[in-house]
Every structure is written in structure tokens, then in C-alpha cells.
Amino acid sequence: MATEAPPPRNDTETDHVPASPTTEQFVEVQEGAEFGELRRTYRSFAFPLTLAFIAWYLLYVLLSNYAGDFMGTKLFGNVNVALVLGLGQFATTFLIAWLYSRHAANRLDPKAEAIKHRMEADA
């Protein structure tokens, strides 16, 4: 049988909710050197990898459209160049995701966490 009663209150929980930073504080942090460094660190990783992956993908598409004989070359059994390069697209996607995860955990997250803690302390 369902009731409309709220769940029991846990007295060990604190009712204190930290104040949110103001718009001016967000703008100040965004214009600061520390946030600029965080943004540069992100961009120096993400932009080159994105461009490289797009170039790799477009190469695959162009080879598929204009180099059919090459893509149809059998490597062994029924496995041809097109299949290997197509599976390479998946492998590359997972590799980039794994590399980004490591990069974010090691270089981005600590900087972002420091900025977050400083903003919450100032609010």
C-alpha cells in the first residue's frame, strides 16, 4: 500500500547548501589566466585529434568512392583493404576516446576541480 508520507529525515545530513557564485564571479574566472590555461590544454589536445580523425575518415570515404580496385584488394581469405580500414575506423574511435579519458583525468580535471573549489569557497 502506497503512502504519501515523505521519507524519514536523516539528521546526519547537513541542511547547508553552498551559495552559487554570481554571474560576475563566473565572468571573472572565465577571463582569468587559470581558466585560459585550462581552455588551452583542452584545445591543444582536442583540435589536432579531431582534425586528424576527420582527415582519416575522409580518406576512407574517398578511397571507397574513387579507389574501388585498391579497396577491393584481398589481403587474406575474404578480408580486403576496405574491411581492414573500416574496422580501423572503429579502433581509432575507441583509441581516441581512451586517450581523451586519460588526458582529461590527468590534465583537465585537476585544473577544473581547483577552479571549482576556489569558486565555491568565494561564493
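This is a predicted model: local features need pLDDT of at least 70, side-chain atom pairs count only at pLDDT 80 or more; totals for chains, interfaces and linings use all residues.
Is Tyr 100 buried, exposed or partly exposed? At 33% relative accessibility, Tyr 100 falls in the partly exposed class.

The chain has an average pLDDT of 87, and 85% of the residues score at least 70. Among its elements, helix H2 (residues 33-66) has the highest mean pLDDT, 95, while helix H1 (residues 23-30) has the lowest, 86.

Now to the helix pair. The axes of H2 and helix H4 (residues 81-122) come within 10 Å and cross at roughly 175 degrees. An angle over 145 degrees counts as roughly antiparallel, and H2 and H4 are therefore roughly antiparallel to each other. Their contact holds 19 nonpolar, 7 polar and 5 charged residues.

Aromatic rings come next. There are 2 aromatic pairs, and ring pairs join Tyr 42, Phe 45 and Tyr 100 into a cluster.

| Pair | Centre to centre | Angle between planes | Class |
|---|---|---|---|
| Tyr 42 and Tyr 100 | 6.4 Å | 85 degrees | edge-to-face |
| Phe 45 and Tyr 100 | 5.9 Å | 45 degrees | tilted |

Tyr 42 sits in helix H2 and Tyr 100 in helix H4, 58 residues apart. Phe 45 also lies in helix H2, so its pair with Tyr 100 ties together parts that are 55 residues apart in sequence. Tyr 42 is partly exposed at 35% relative accessible area, whereas Phe 45 is buried at 17%.

Finally, look at His 103 in helix H4. His 103 is buried, with a relative accessible area of 10%. Beyond its neighbours within four places in sequence, His 103 contacts Thr 41, Phe 45 and Leu 108.

Key. Residues are numbered from 1 along each chain as its sequence is written. Side-chain values use heavy atoms; hydrogens and water are left out. pLDDT is the predictor's confidence in each residue, from 0 to 100. Helices (H or I, at least four residues) and strands (E, at least two) are DSSP runs, numbered from the N terminus. Axes are lines fitted to C-alpha atoms, for helices over the stretch in contact, and angles run from 0 to 180 degrees between N-to-C directions. Angles under 35 degrees count as roughly parallel, over 145 as roughly antiparallel, 65 to 115 as roughly perpendicular and the rest as oblique. Ala, Val, Leu, Ile, Met, Phe, Trp, Tyr, Cys and Pro count as nonpolar, Asp, Glu, Lys and Arg as charged, and the others, Gly among them, as polar. Buried means under 20% relative accessible area, exposed over 50%, partly exposed in between (1.4 Å probe, protein chains only). Contact means heavy atoms within 4.5 Å. Rings of Phe, Tyr and Trp (its six-membered ring) pair if their centres lie within 6.5 Å; planes under 30 degrees apart count as stacked, over 60 as edge-to-face and the rest as tilted.
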